[in-house]
Each structure stands twice: as C-alpha cells, then as structure tokens.
Amino acid sequence: MNASAPAPRKLRVATVSLGGCFGCHMSLLDIDERLFELIEKVEFDRSPLTDIKTVGECDVGLIEGGLCNAENVEVLRAFRAHCTVLVAVGACAITGGLPALRNHLDVGGILQSVYGEVPDDPELPLPLNRVLPIHEVVHIDHALPGCPPPADAFWQLLQDLIAGRTPVPAPGLIRYD
Amino acid sequence: MVVNAAAVSEPTAETADAVLDRWQRDPLALVQILRETQAATHWLPRSLLAHIAAALGLTVAHVEGVAGFYRFFHTRPVGRVRLLFSDNITDRMLGSEALLAQLCARLGVVPGEVDAQGRFSVDRCSCTGLCDQGPALLVNHHQVITRLDAARVDALADLLLAGTPVEQWPAAWFEVVDGVRRADLLLSGLAADAPTLPAVLAQSPQALLDQVAQSGLRGRGGAGFPTARKWQACRDAAGPLRCVVCNADEGEPGTFKDRVLLASHADALFDGMTVAARAVGAQQGFVYLRGEYRYLLPQLEQVLARRRGQGLLGRDAAGVMGFDFDIAIHLGAGAYVCGEESALIESLEGKRGTPRIRPPFPVQAGYLGRPTVVNNVETFCAVAHIARRGGAWWAGIGTAQSTGTKIHSVSGDCARPGLYEYPLGTTIARILEDCGAHDPLAVQVGGPSGACVPASEFGRAIAFEDVPSAGAFMVFDRSRDLFEVARHFARFFAHESCGLCTPCRVGTELVVRRLDKLAHARGAGRGSAFDIERLRDLDTVLHSGTHCGLGASACNPLRDTMRHFGEAYAQRSTAPQFQPDIDLDAQLSSARRATGRSDAGAHLHTDTPA
C-alpha cells in the first residue's frame, strides 16, 4: 500500500443563516459524533462554526433562512458567486417561512409602529417589502426541506456531495414540518 | 353596500322562497336554487345564503362554500347588467381584448369591477363555445352576444349608458348560428323514416347493449372509453336505482359541437339517453348543461315536455311496460372542472365541483352513490343512430379502433370556421384544407388539454390510435406565436383549478408566473435556461402529482409547444444565467420611505452580474 498518496482534497463548505433562527444549523450539529467523521472530509469556510466573516471559493454553500433585508440579498449573492453548489436549507430558505408572515403588512408601517422615530443609520440594512425565498433571487441547486431538516438529512446531503453524487433525499428524510 | 346585513330584505327572501318552493326545498338542488335566486337578485349576499341554508337544512358554511366555488355566483355586489367577455385564445385572435378595453373605457369601469352607480360590471370568462362566431360575450349569464366588433361594442355602450333593458337590445346581436360546414351522420340528423324510439326500445336491454358493443363506440368526451363497457359495468353494479347523465358541460376551450347538437339534435340526444337508461336499467336521467349555454334551456325544456306528452318519458316510457324514466336538466355555473364526470356528479348533488377519488367509478357509485353512466352529448347522439341502424353499420365507418364519425369544432385562422363532421381516421391536413386554413403553423386538437400538432404532423389522423380529440380544432397560422398560445392556456388552467390539491392549485399558478417572466416580466433578456428547466420540473410534478385530470393535462400545451416550437422559448431565455423576476430595488421602497434614506446601502441592483 502506498502510504504517501496525497489525501483527497477536502470539500470546502460555507454556511449562513439569513432570515432564519439558526435552528437548521442546530440540526446540522445534531449529527453528533459524526462531526468527527465529517471534519475528515470537509473544511468549513464562512460559517457560524468558524466565525469567518466573508465567503471564499467553496464547493458547497448551505443557506438557512429567507431574504428579509438588503444585507441578506448581498450575502446570498456572495454565496452564489463563490459556491459551486448552493443548497436551500429549511422552510424559510425555501418558502420564506415564519418571517414571511409579515408579508401582508407594509414594512414601512411596521417600522413606524415599532420605532416611532425610525432609525436612519446607513449601517442598518433596510428590510425588503416582502420576505422572499432565496430561489427568487439566485439559482439554487438543491433544496433540503424541513423545519428544521433532520440531522440525517444534512448527513445524507453532505455524504452525497462528498461522493460527487446528485443529492436525492431519502423519502423518510423529506419533512415539511 | 353592507355585505353582512343582519337580515335578508323581504322581497329578496320572497324571491328565494319562490325558488326554494319550486325545487321543493331539496338540498340536492342547491346549485340550481342559487342560480335561479341570483338571476333575480344579481348577487348572493351572506344573509341570503343564510336564509337559503336554513330553508334547506344546510349549514351556512356549506352554502357559502358552494356559492364561492362557482365563477357565475357572486358573493359580492355586481352590476345590474353583467357582461363577461369570452376569453378563449380564438376570441383574443379576433380582437376581444381591444373590444373589452373599448367597452370599459366607454362605461368608465375597470374589468372585474362594478361602476360607481352599480349599473354594470365587465369581466372575462372562459370560452363560451362561440369560437366560430366570436368575439362573444355573455350577458347576465343568460344571453350571448356574438360577432362583436367596434361598432357593436359602441352601440352596446350606448344602450347600457341609456339604461335600455336587455330585452330591447337588437335581436340580431343574440343570433347564434349552427354553422355546420360539413355534415355526416350525426349532423344530418335521423332519417325521416327512421324507426321510432318505441320501435327501438322493443329490443331487450341486452340487445341494445350488444348493438352498442358491436358498434365499437367510444366516448366522445375525450377519454375514449368504450361506451358498452361503461354501460355493462353500470348494469352489473349492485343497487336498485341507476342514473344516466349527459355531460353537456362543454367547457374545453374551442369546443362547440355539443352546443349545436343540443340546439338542433336534442331529440337524438334524449333518444340516446333513453336507450342508455333502458340498457342499464336506469330510472333517472340528467343533462348537466354548462351555465354558458343557459340560453338553450327553454328550448331543451320544451323538447322534454313534448317528449313527455308523447309518452317517450315518464311512466312506461316509450311504451315499455315497467320502464319509468325521466330526464331533468341541471345547469352548471361557470366551472370547467365540472366537465370531469365525478366533479359533475358532485355538482349535480348541489355541492362544490370537486372531483372525487376514483375508484369507485361513477358506474359503481355515482349520483347519490347509485351506479351512474356519464356520457358526452355526442356519444348519446351516436347511440340514437346505432340503436336504429345497428352496431355493425356504425363499426363499418371510421377505422377499426375508432369507429363512426366525429364532429370537429373548427376555429381560429381559417376562412370557414364552424362544424365539420368526418369519419374517424380523417387526416388533419384534410380538415385544414376543407376549412380554408392558409399557411397553418399548428393546430390545437382537442382543446388546451389535447395536443398541439405542428405542420410536420398534419398527415396524422384524428382517431383514438393517432391523435385523439374531444372535438376542438383551433388553427394557428404563421403569424401566431405558439408561446403566447401556451401562455394563454396556462392562464386558463390556473383560473379553472378547483383548488383542492396543492400541485394543481399552486403548480398552475407557478407555470403562469414563469411564462409571464419569459414573456415580458421586467423587460426582455431575463429569461434563462434555468427558467426552462423549472417549467419542465413543473410539468413533471403536475403530470404525476395532481388529484384529477385537470392538473395532469394542464401542462400539455406547454410540453407540446416546448417540443415543437422550442425556438419560441429559446429566444426568450437568452440570459447566460438566472435572473430574478423581482425588482429588488423596488423591494426597499417602503423602508426607504420610512427611514428617509437614499444612501448607496438603501438601494439594490436587481440583475445578477455575469
């Protein structure tokens, strides 16, 4: 056996929560001890796990949450520009989810009601009129439904992508609740 | 106007009571009761629905659910005169949209809304079955005006603004012609010396069934199910009571052959229904007449009354001892899905027209759970001929698998639109030649849920084994854009989805939005291969995942035109990558207003950079 064969390049993965609750990220962590196995094959780029602030060139981007504001749009676009494969993870990314419940209200009116004097600091991202699912703004390659998707669904997706297969979630792992 | 008035006004209640009494307060007649009540009250306020619910022993929720389902029932105020422009693609090709705009401008109304004085409302409706004499419009769900043009619309606006009652409008406007261009067996009618119905019914039920079996007749509604097999299944099903239903809900856009059969060959239809009743042992018959054909009701009732007088219906019908059979006419109220037989039966039972899960099939458990035969108007008319001249005679016409003749409703880009009846197996090219189609690009055979046949396949024949047809034959010449035709049909299906299942309710709408994006959305050049791929995905989901045939066939025009006219799609999907269909900068407008910001961060560019 040739021990000097170079280790296969690790899959570079970035993750982000846009208009989400981080519940999908928590579910990813629920793969538990398989994280050790995963980290042998995957290295994380921008992600809450690494605290890297900007996304670099990646093989895979996992997007949790829908688009609530201008910053979400810019971050999503950066992910699309840098990730070969982009996956919409969870109900909010796929449909807008709970945050989209505000869609029948005027967001300017909400700001007025909440703040009275609405802050105008350019540092603050402006909210969109409507919360949007991410596929309305960029091309999405795969979707992982669920609120959150089960840990096994994350595991299966990453195993497929590591192996170079087209991810097809097993029926038992497709959840819409 | 107060929609939730506490009590229904007395005259309104009296109107409803008179209708309720006429229908003997039968909850199964709910759809009919709502229709007849609204004919007098213009719309159906909640208080009135509650009144009807109480009288029928139904919940208000049930009655509201039914009233809310049908397009021709209004649960909000409408104008005293309601005008609905037929919105089939053939009406549009004849300029209906410009005429609609012209009328609205003259009347000062917006499509879909009532004018300030509550005098009139103008809107669109699905095909009214007058494609050979369009553009057409429906007046108060009761009359039709054909052959609209700018002058007619102008005169119409004058009368409307002057408040002239509909009865005093020029009679010529309401003229509906049969437009028979080529008559074969069915459109020629029964021979004067043909055996009478009593002579026909002297045969045993089994002999009648055998004749139909021998004829090889297959259903003319589109599915082509062998008629005798359907009848046999009904006859064999358990239960003392059986029904025969004529599906006269001719809703498939571009189809108008049943209108002519109903108008000019009603006796043949009723003969066929009576033969079917005798063959299967049915006591009760229904004609489910689409609401758009309401103007045919008086003459059809007249024919039925005459036949009762002649002893052809009622006790010992046609002189057959112990054969008690009568026919009632129920009207639809503007729901395409009710052309699906189980939805039609639901509607007959006074409910929302939601298709049932099959099995059980109607032949096993149909109207009120009774074994029920549902056949198309043309099928019953064919039976009237077969029962007289024999199955072998019919089987000798057409092809081995597709016996007899078929009536085609020809419309669109041709010199001579109208009805053409040919033996099955006739080529599309022959029909095109006969109707005077110059330079045709494609024909939509069988309506939107049928097939789009390109010029290269005009040699194919209309037959169950080649190109099956429910009777529509819409011609498009080379000036037409088949992408726009498919988009129009997509809107039709989204409009007519019953809303029960998500793949259809949401899917049909997603198809429309995606096609709208390709069509124009926010300027050209934003469509990409990605959009085409999503359309293919939607086709797969709808074709395989919907509750009934409406959703399953909703993408047929899309699939056919993508296959045959891919260029029309390719030229609309030239963006190198996905581009959003949303003006993202406009999405920040409300927050910009609330914050008063105009800095760079308060804006978003929309296009994805290359």
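Two residues are counted as in contact if their C-beta atoms, placed from the backbone, lie within 7 Å. I note at the outset that this is a predicted model.

**Entry: G447(B)**

I located G447(B) in the loop of chain B between strand 12 (440-445) and strand 13 (451-454). Leaving aside residues up to four places away in sequence, I found that G447(B) touches E252(B), P253(B), G254(B), T255(B), A470(B) and A472(B). I also looked up S469(B), which is 22 residues from G447(B) along the chain; their C-alpha atoms are separated by 8.1 Å.

**Entry: helix 16 of chain B**

Helix 16 covers residues 377-389 of chain B, 13 residues in total. I read a reach of 19 Å from its first C-alpha to its last, close to the expected 18 Å. The helix is mostly covered, with twelve of its 13 residues buried; among them are V377(B), F380(B), H385(B) and R388(B). After the helix comes G390(B), with a positive phi near 95°.

**Entry: chain A as a whole**

I listed six helices and seven strands in chain A. Along the sequence, their order is β-α-α-β-β-β-α-β-α-α-β-β-α. The C-alpha atoms of chain A fill a box of roughly 70 × 35 × 30 Å along the principal axes. Of the 177 residues in chain A, 40% are buried. Among the contacts in chain A with a separation of 6 or more, 80% join residues 24 or more positions apart.

Terms used: Residues numbered from 1 in each chain as written. Chains lettered and ligands numbered in written order. Predicted model: local features only at pLDDT ≥ 70, side-chain atom pairs only at ≥ 80, totals over all residues. Helix = DSSP H or I, 4+ residues; strand = E, 2+ residues; numbered from the N terminus. Buried ≥ 20, exposed ≤ 12 C-beta atoms within 10 Å, placed from the backbone. Expected span 1.5 Å × (residues − 1).
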